[in-house]
Amino acid sequence: MNTRNKTLAKSTRWYRKAHRFVAIPLLLFIVVMSVSGLLLTWKDELQLKPPSASTSGKGNLISLSQIEETAIHYIDSLNLSNTINRIDYRPSKGIAKVRFEDHFMELQIDCYTGKVLSEATRTADIIEMIHDGSI
């Protein structure tokens, strides 16, 4: 074999090896992004987010500070961090959804009685963090 063919074969082998080391991680990245994107698209059908609880809807609405106190007291009883990320207050539905900063727990609190209606893990938030790379 002449030297030209040897150098061509050597460079071809190097390109194949480089292609393998680049393509496999990229393929895994694309698969994770695609699967997590599909799960986020179908999160309602797959029931990945907690369903909204229902309330009686009678009486006066309680204040946000009472909702905050109820959420903090309840989450402290579970020995979890009580740093609140946000409170999604929906007076028309009579529900306040409280999300926390350091974990994926969500509490739904009745805006009329202050009672905790449901406690659930927000699976969709975990998948969203995987999808956008922030996890």
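Reader: How many bridges join strand S3 (residues 105-110) to S4, and what makes the two strands a pair?
Author: S3 and S4 run antiparallel and are joined by five bridges. Two strands pair if DSSP finds at least two bridges between them, so S3 and S4 count as paired. Helices (H or I, at least four residues) and strands (E, at least two) are DSSP runs numbered from the N terminus. The model is predicted, so local features need pLDDT of at least 70 and side-chain atom pairs pLDDT 80 or more, while totals for chains, interfaces and linings use all residues. Residues are numbered from 1 along each chain as its sequence is written, and side-chain values use heavy atoms, with hydrogens and water left out.

Reader: Which residue in S4 is the bridge partner of Glu106, and what lies in the turn of the S3 and S4 hairpin?
Author: Glu106 has Ala120 as its bridge partner in S4. The hairpin of S3 and S4 has five residues between the strands, and Gly114 in the turn has a positive phi of about 80°.

Reader: What is the order of the strands in the open sheet, and what makes a strand an edge strand?
Author: The order is S1-S2-S3-S4, with antiparallel pairing of the four strands. An edge strand pairs on one side only, as S1 (84-90) and S4 (116-121) do. On average, neighbouring strands of the sheet are turned by 15° against each other, direction ignored.

Reader: Which strands does helix H2 (residues 64-77) touch, and what is its direction against S1?
Author: H2 packs on the sheet and touches S1, S2 (95-100), S3 and S4; its direction makes about 130° with that of S1. Contact means heavy atoms within 4.5 Å. Axes are lines fitted to C-alpha atoms, for helices over the stretch in contact, and angles run from 0 to 180 degrees between N-to-C directions.

Reader: How many bridges pair S1 with S2, and how many join S2 to S3?
Author: S1 and S2 pair in the antiparallel sense over six bridges, and Ile84 has Phe100 as its bridge partner in S2. Five bridges join S2 to S3, also antiparallel, and the partner of Val98 in S3 is Leu107. S2 and S3 form a hairpin with four residues between them.

Reader: Why is S3 called largely enclosed?
Author: Buried means under 20% relative accessible area, exposed over 50% and partly exposed in between (1.4 Å probe, protein chains only). Six of the six residues of S3 are buried, so the strand is largely enclosed by the rest of the structure. Met105, Leu107 and Ile109 are buried on one side, and Glu106, Gln108 and Asp110 on the other.

Reader: Which residues make up the largest nonpolar core?
Author: It has eleven residues: Ile62, Ile67, Ala71, Ile75, Ala96, Val98, Phe100, Met105, Leu107, Ile109 and Cys111. A nonpolar core is a set of buried Ala, Val, Leu, Ile, Met, Phe, Trp, Tyr and Cys residues joined through side-chain atoms within 4.5 Å. H2, S2 and S3 are the elements that give two or more residues to this core.

Reader: Why does Arg122 count as buried, and with which side chain does it make a polar contact?
Author: Its relative accessibility is 14%, so Arg122 counts as buried. The side chain of Arg122 makes a polar contact with that of Glu106 at 2.4 Å. The limit for a pair of N or O atoms is 3.5 Å; within protein, one must be able to donate a hydrogen and the other to accept it, and residues adjacent in sequence count only if both atoms are side-chain atoms. Arg122 lies in the loop between S4 and helix H3 (123-132).

Reader: Why is the pair of Trp14 and Tyr15 called edge-to-face?
Author: Rings of Phe, Tyr and Trp (its six-membered ring) pair if their centres lie within 6.5 Å; planes under 30 degrees apart count as stacked, over 60 as edge-to-face and the rest as tilted. The ring centres of Trp14 and Tyr15 are 5.3 Å apart and the planes stand at 70°, so the pair is edge-to-face. Both residues are exposed.
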